[in-house]
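This briefing goes through a single protein model, topic by topic. Please look at the sequence and the structure first, then read the notes below them.

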Amino acid sequence: MTTLCRACLTVQPPDPTRRRCDACGSPRLVSHDELEELTLAHIDCDAFFAAVEKRDDPSLADKPVIIGGGQRGVVSTCCYIARIKGVRSAMPMFTARKLCPDAVIIKPRMDRYAEVGRQLREMMQAISPLVEPLSIDEAFLDLDGTQRLHGASPAVTLARFAKSVEAELGLTVSIGLSHTKSMAKMASDQEKPRGFTVIGRAETLDFLAPLPVGALFGVGEATARKLVRHGFHTLKDLQEADKDRLIRLLGTHGLHLKEMALGVDPRPVRTDRGRKSVSSERTFNEDVSDLDVLRVHVRAACERVSSQLKKKALSGRTITVKAKTARFKTLTRAQSLERPTQGADRIFRTAEALLHPLADGTAYRLIGVGVSDLSPGEAADDRDLADQDSARRTQAEVAMDTLRQKFETDAVTVGLLLDPAGKRKPSATAKPDHSTQDAGSKAVKSESTPRNENAP
């Protein structure tokens, strides 16, 4: 069993009684029979948004920090001090404030997080050309073949990377090293923060068997509940499940889950994962049921989504309206267009039609609009042969975009977002919860409560 010291990076011979590094005395040791063989890794920053805020403002170092906003919003993420108090990602802000009344609440600074995320991504790409981003602060890496380049095994290279991130970016990461992507992802979740967990081939089945079905990478809450209702409580149940029964229950996805429960995941690390969707949503201070008010919010969201599509030179075919009721039930309606679009007008006219059935008197706490099934921007075609005025509105939007680029974002807008006095309506000026979302990224991230003494 090879032992690696994460503090001084020395590799030491097997010794089951060793508790500290022979070279530097550090207890931060990783020991595993397959340590020198495994090459697939998942790297995840620890409480990324909160960690960036603490790094930028050292006075926050020992304080509980929650990233979110508004009494009616949700927690984007929080530091580990707040997590000890019970705060979790996606939790309503009013609940988080009750659990941790002394927390420092900070509104997300997405531009700042994106900037630091790019720096982190560049550091990942420096140790391997095979990097598959999952979100702004996490990615899969395949380090097979990098041993000669770095003069070390992937395990040593990853430990060196973690030290470099702490030294250069002032952040910490947790690393999972295994033989498949899904196992590497599950490994990185085992010990946070500053974790380094190895799951080898030989122990995969025993490791997975006792875990709840919801622990499997790619199983959402709805699928987990469905599996439990039908008697599948642990991954051992999935390992032993009849294939025909799983197909009847979940279709071919059921077979995929069985393979994952057996540790089978042949997917390679892909470097070509691009943006999957662009979206914007808004949580209201008070529940809204009035159609006219909802239309204003939807139009504002369409403007933001259109702006991001144009900025990223993207277009999309599928328009989705998302609404969350006062009881936190999420409703979605979607429609696919014949041709991709990036125009705010075309997005809004589709979203407005989707909104009408939802506006049946139900009070909503959140409304959002998203565009998916993305294509390059040049594929955008906003013509609508059934709408005689579509060409004129498209020309007007192009003219508005030109004025906005020349002057400022709010230099010109559509009438729906103005009150009778010509000023922007409050609902059109309020900041959205978040605007863009990359492939595989999570609007909120859920990380476990810390299990070691190195929690920031």
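Glu338 counts as exposed, at 70% relative accessibility, where exposed means over 50% relative accessible area, buried means under 20%, and partly exposed lies in between (1.4 Å probe, protein chains only). This is a predicted model, in which local features need pLDDT of at least 70 and side-chain atom pairs count only at pLDDT 80 or more, while totals for chains, interfaces and linings use all residues. Residues are numbered from 1 along each chain as its sequence is written, and side-chain values use heavy atoms, with hydrogens and water left out.

**Salt bridges**

- The whole structure contains 22 salt bridges, a salt bridge being a side-chain nitrogen of Lys or Arg within 4 Å of a carboxyl oxygen of Asp or Glu.
- Glu338 is paired with Arg339 in one of them, at 3.8 Å from N to O.
- Glu53, Arg55, Asp56, Arg109, Arg112 and Glu115 belong to one network, joined by salt bridges that share partners.
- Lys322 and Glu281 form a salt bridge through their side chains, at 3.3 Å from N to O.
- This pair links distant parts of the chain, 41 residues apart, with Lys322 in strand β13 and Glu281 in strand β12; helices (H or I, at least four residues) and strands (E, at least two) are DSSP runs, numbered from the N terminus.
- Lys322 is partly exposed at 27% relative accessibility, whereas Glu281 is buried at 10%.
- Asp189 and Lys185 are also joined by a salt bridge, their closest N and O atoms lying 3.2 Å apart.

**Nonpolar cores**

- The largest nonpolar core has 55 residues, and Ile66, Leu158, Phe161, Leu171, Leu177 and Phe196 have the most contacts inside it.
- A nonpolar core is a set of buried Ala, Val, Leu, Ile, Met, Phe, Trp, Tyr and Cys residues joined through side-chain atoms within 4.5 Å.
- Helix α6, residues 154-169, gives the most to this core, with eight residues.
- Neighbours within four places in sequence aside, Phe196 is in contact (heavy atoms within 4.5 Å) with Arg6, Val30, Ala155, Leu158, Ala159, Ile175, Leu177 and Glu191.
- A second, separate core has 25 residues, among them Leu309, Leu314, Ile347 and Val369.

**A residue in strand β13**

- Thr325 is part of strand β13, which covers residues 314-325.
- Thr325 is buried, at 10% relative accessibility.
- Not counting residues up to four places away in sequence, Thr325 touches Leu331, Thr362, Ala363, Tyr364 and Arg365.

**Cysteines**

- There are zero disulfides in the structure, a disulfide being a pair of cysteine sulfur atoms within 2.5 Å.
- The closest cysteine sulfur to that of Cys21 is in Cys8, at 3.6 Å, so the two are too far apart for a bond.
- Cys21 is buried, with a relative accessible area of 5%.
- Cys100 is in no disulfide either, and the nearest cysteine sulfur, that of Cys79, is 7.5 Å away.
- Cys100 is buried as well, at 2% relative accessibility.

**Nonpolar surface patch**

- Leu205, Leu262 and Val264 make up a nonpolar patch on the surface, with about 220 Å² of accessible area together.
- Patches are made of residues with over 30% relative accessible area and no salt bridge; like charges are joined within 9 Å, and nonpolar side chains (Val, Leu, Ile, Met, Phe, Trp, Tyr) within 5 Å.
- Accessible areas come from the Shrake-Rupley method with a 1.4 Å probe, and for residues only the protein chains shown count as cover.
- Leu262 sits in the loop between α12 (252-261) and β12 (277-288) and is partly exposed at 34% relative accessibility.

**Backbone features**

- Most residues other than glycine have a negative phi, and most peptide bonds are trans.
- The peptide bond from Lys192 to Pro193 is cis, with omega near -5 degrees.
- Pro193 lies in the loop between α7 (181-188) and β11 (196-198).
- Ala90 is not a glycine, yet has a positive phi of about 75 degrees.
- Ala90 belongs to the loop between α2 (80-84) and α3 (93-99) and is partly exposed at 43% relative accessibility.
- Phe328, also not a glycine, has a positive phi of about 70 degrees.
- The loop between β13 and β14 (330-341) holds Phe328, which is partly exposed with a relative accessible area of 35%.
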